[in-house]
Amino acid sequence: VTLLEASPQPFSSSSKGFDGIIDLDHGDPTMYERYWLQMGDKTTVVINGWQFISYFSDVRKVCWFLEPEFANAIIRLHKLVGNAITEERYIVVGTGSTQLFQALLYAVSPPNSSKPISVVSAAPFYSSYPLITDFLESGLHKWAGDAYTFSKDEPYIELVTSPNNPDGFPRQAVVNRSQGILIHDFAYYWPQYIPISSPADHDIMLFTVSKSTGHAGTRIGWALVKDREIAKKMTEFIMLSTIGVSKDSQIRAAKILQVVSDSHQYKSNFKEGQAFFEHSYNNMARRWKQLRDAVNMSKLFSLPDFPSSSCTFSGRTFGSLPAFAWLKCEGEIDDCESFLRGHKILTRGGKHFGSSGKYVRISMLPRDETFDQFTERLSSIKSS
Ligand code: PMP
């Protein structure tokens with residue numbers, strides 16, 4: 001499982017890197033530390049020893065371990081940003097959207113089928129999907145690869161990641177047959193990464209604090225689910241795997257989401273330029289410009305181009321600023337990952353995403369020092 005986002009590498013603990021190594025393999029969102037440091041005590045949460053002792057949060061709800069304060073913060077933020085419809089949906093909380101993805105596979109796979117249901121996603125796809133789908137060899141579901149080449153006339157689960165990890169493009173389902181169950185992974189459907197076009201309105205939608213606010217270590221995600229039976233089965237999965245989800249983490253996540261909303265709705269309580277999505281959009285825009293300048297200097301690489309469109313949240317017109325750069329080695333270089341490793345830049349090669357080795361995925365969310373070192377080094381790589 002060395003390809004999961006968080007699997008530790010010997011070099012990854014220090015932001016400066018070890019021996020000049022720059023590690024941009026994982027999507028660790030430490031870029032956001034600086035913003036939250038500036039927020040100071042605004043997000044401090046105090047939990048006394050007598051609080052949150054019970055397993056239960058609200059036993060009248062399908063997801064009985066969901067903290068009401070966290071549920072309210074989710075609904076408020078989606079209404080503010082306009083990126084998802086929350087009405088007539090069940091909210092299921094998970095230990096990261098990773099647990100919710102597993103809960104969903106369990107919840108939507110046919111229970112009494114003679115063979116596992118196929119799980120597909122259009123290449124290039126998030127490299128953890130095949131690993132998570134198959135690691136228990138459950139017999140319920142099986143990874144079946146690239147959705148573009150899936151031609152079996154039988155039920156399937158299609159994972160739609162929009163905007164996509166690794167390449168940043170908006171996505172829609174591609175298989176387009178009636179027996180499909182769609183899971184929409186909206187980890188990156190936030191206005192620092194892509195213009196919000198309309199509130200997403202699908203049956204099963206996944207979100208996470210990891211990539212929206214940067215709090216990957218809090219391990220909190222949420223699913224918006226239309227169907228009560230699916231929400232119940234997801235809850236059953238989480239009950240059997242972890243008997244619920246840390247309340248301490250939910251309370252912390254609630255506070256963070258509240259401050260994100262406050263930073264836009266009560267601007268006078270915040271300094272100029274400190275509205276969360278303004279600040280993070282500006283960071284991403286600056287980083288993408290810096291990366292594109294470095295790529296132009298080097299002439300050995302290319303990046304995808306994103307058309308501009310208007311964002312209903314900010315009113316701004318811009319082209320996507322993805323959390324990952326899907327970099328292509330031009331010319332003779334067939335193994336871009338090894339080539340960059342030779343320059344002490346660690347990335348994840350295209351093959352892990354069901355694509356070509358000419359591509360690598362590079363995290364755009366490290367700390368400033370690491371990102372600056374990276375673009376400086378990239379711009380100096382010339383063909384020999
Ligand atoms: N889905 C996608 C597309 C991701 O990129 C990630 C994180 N890299 C996840 C899900 C998992 O996020 P979490 O930290 O919430 O488990």
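# Close-up views of the predicted model

**View A. Arg252 sits in helix H7, residues 247-265.** This is a predicted model, in which local features need pLDDT of at least 70 and side-chain atom pairs count only at pLDDT 80 or more, while totals for chains, interfaces and linings use all residues. Residues are numbered from 1 along each chain as its sequence is written, and side-chain values use heavy atoms, with hydrogens and water left out. Helices (H or I, at least four residues) and strands (E, at least two) are DSSP runs, numbered from the N terminus. Arg252 is partly exposed because its relative accessibility is 39%; buried means under 20% relative accessible area, exposed over 50%, and partly exposed in between, with a 1.4 Å probe and protein chains only. Not counting residues up to four places away in sequence, Arg252 touches Val45, His215 and Thr218, where contact means heavy atoms within 4.5 Å. From Arg252 to Ile220 the C-alpha distance is 9.6 Å, although 32 residues separate them in sequence.

**View B. Ser212 belongs to helix H5, residues 209-212.** Ser212 counts as buried because its relative accessibility is 1%. Setting aside neighbours within four places in sequence, Ser212 is in contact with Tyr32, Ala187, Trp190, Gln192 and Phe276.

**View C. His279 belongs to helix H8, residues 276-298.** With a relative accessible area of 16%, His279 is therefore buried. Apart from neighbours within four places in sequence, the contacts of His279 are Tyr35, Gln38 and Gly273.

View D. The domain bounds come from an automatic or database domain assignment.

View E. On a 1 Å grid over the protein atoms alone, a pocket is an open set of points with protein on both sides within 12 Å along at least five of seven lines, a cavity is a set where a 1.4 Å probe fits but cannot get out, and lining residues have an atom within 4 Å of a point. This pocket lies between domain 1 and domain 2 because both give residues to its lining. Strand S10 (residues 308-310) supplies the largest share of the lining, 3 residues. By type, the lining has 13 nonpolar, 10 polar and 1 charged. Ala, Val, Leu, Ile, Met, Phe, Trp, Tyr, Cys and Pro count as nonpolar, Asp, Glu, Lys and Arg as charged, and the others, Gly among them, as polar.

**View F. The largest cavity has a volume of about 50 Å³.** A volume is the space filled by probe spheres set on the grid points, which are joined across faces, edges and corners. The count is 1 cavity of 30 Å³ or more. Pro163, Asn164, Asn165, Pro166, Gly168, Tyr188, Tyr193, Pro322, Ala323 and Phe324 line the largest cavity. Of these lining residues, 7 are nonpolar, 3 are polar and none is charged. Domain 1 and domain 2 each give at least three residues to the lining of the largest cavity.
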